[in-house]
Amino acid sequence: MGSKQTVNRFHIIAFILILIVGLSWIVHLLIASNQSQDGGQNYKGWLAGITADGTGSQLVAYHPEPAESKTILKLPNVTPDNFGAISSDGTKAAYTQWNEQQTVRYLVVQSLASSEQNVFFDNLPAMNEIKTISWFPDSRRILFVKSDQSAHVDQEIGVLDTSSGNIQTLVKGGIWLVKQAEEENGEERMKYYMTQDELDQLVTTYGGKPVPLDDAGGYLMVEFAAPVLSPDGNRIVYSATLNRNYAKGENVPLWLASSLWVYDLTSGKNKMIYSPSDRSAIGKAIWTSDGSHIAFISYTGANGEGGAIEYMDLASEKVKTIFPPTAEHHNNVNLIALDRNEISFISAPKSGTFKDAKRWILNPETGEKRLMPVQLKGQNALLRNFSNVQ
């Protein structure tokens, strides 16, 4: 009798152990399945970008509050001046890379669940590059700027479908010949290829005020600041600046006009929503986390110095300065949106250099600012060229 009870007890214990092992294996499979589907991490609300790592670089994800960082990819053959992005579901990464001759910057899309890798734009002509990339919320499309600098700067904003390889151009810049010196009957004379009326119309298109034809330089070209997706992924905000290739006088800015635009991806409509009245230029613009406001940099210095942070209420289209430049905060750049509609930016003093720069957090409603200390692998970091994961 005792022997029989011992055997039954053994069978019960064995059954329980097998059940526990079986359940553990099922849980393991479920976790592995979820990791293969979403990369094991939802990165919405994080920041992502390229940082230096020895002689190469790394693609890093950073969560501001509470502070947390993760190395997504080691990129030993990629220089830290490139751009990187992570899809919000954690399944894919994208980064730019220069070719061996350093003449073309192309795009690489890397699966984070496998070794699959796809290269795009590697067949561009010399002096062409892809820059300022970001993923759409669908983790399939990438927003980018293509810049052709083979002669003058010719840019366009586009969308790449990484599944099909299809490319959609949303906004084109352009190059316009205004005037150039040409030889005629043995004499060099200035020949004009644009009338004053044509120049006025072009400058007005980009929100500027008329300037004399003689002050327009030889060529005009449009340059875009990094386009940024709205939180719902349906709109894009960007700035467009009409530059000339040279200007008369010292410390005279190259731009003739600068304006803020919103492109509606649903309707395909592109609308200028703001242009400064004081001939300042507009740099990077971002959406607040709830999509109700747009913050952007406006600057008056010929080299981008003297940047103020402006704040636009989209409902009223009213703009106010929420952070003017001062001696302590003279060069303000690289806006990033944070939770609770807060804004992060890099600021450097007028008397210092960029080595003296720090990253700050600004509450646009109260004007309260506080330092945003960032450390990656124990080193202070500014998160330059980092952007929001959508």
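Strand pairing and backbone geometry in a predicted model

Mentor: In this predicted model, β20 and strand β21 (residues 293–299) run antiparallel and are joined by five bridges.

Trainee: Which residue in β21 stands opposite Ala281?

Mentor: β20 covers 281–287, and its antiparallel neighbour β21 covers residues 293–299. Across this pair, the residue opposite Ala281 is Tyr299.

Trainee: What is the order of the strands in the open sheet?

Mentor: The sheet is open and has four strands.

Trainee: What does the twist average from one strand to the next?

Mentor: From one strand to the next, the twist averages 30 degrees.

Trainee: Where is Pro66, and what is the omega of the peptide bond from Glu65?

Mentor: Pro66 is in the loop between β2 (56–63) and β3 (68–75). The peptide bond from Glu65 to Pro66 is cis. Its omega is near -5 degrees.

Trainee: Is Ser69 buried, partly exposed or exposed?

Mentor: Ser69 is in strand β3. Buried means under 20% relative accessible area and exposed means over 50%. Ser69 has 36% relative accessibility, so the class is partly exposed.

Trainee: Which residues is Ser69 in contact with, leaving aside neighbours within four places in sequence?

Mentor: One of these contacts is Leu376, a residue 307 residues from Ser69 along the chain. The C-alpha atoms of Ser69 and Leu376 are separated by 6.9 Å. With neighbours within four places left aside, the contacts of Ser69 are Val60, Ala61, Tyr62, Gln375 and Leu376.

Trainee: Is Leu383 buried or exposed?

Mentor: Leu383 lies in the loop between β29 (379–380) and β30 (387–388). Leu383 is not a glycine, yet has a positive phi of about 60 degrees. The relative accessibility of Leu383 is 3%, so this residue counts as buried.

Trainee: What is the phi of Asn385?

Mentor: Asn385 lies in the loop between β29 and β30. At 37% relative accessibility, Asn385 counts as partly exposed. Asn385 is a residue other than glycine with a positive phi, near 65 degrees.

Technical notes
Residues numbered from 1 in each chain as written. Predicted model: local features only at pLDDT ≥ 70, side-chain atom pairs only at ≥ 80, totals over all residues. Heavy atoms only, no water. Helix = DSSP H or I, 4+ residues; strand = E, 2+ residues; numbered from the N terminus. Buried < 20%, exposed > 50% of the residue type's maximum accessible area, 1.4 Å probe, protein only. Contact = heavy atoms within 4.5 Å. Pairing = 2+ DSSP bridges. Axes fitted to C-alpha atoms, helices over the stretch in contact; angles between N-to-C directions.
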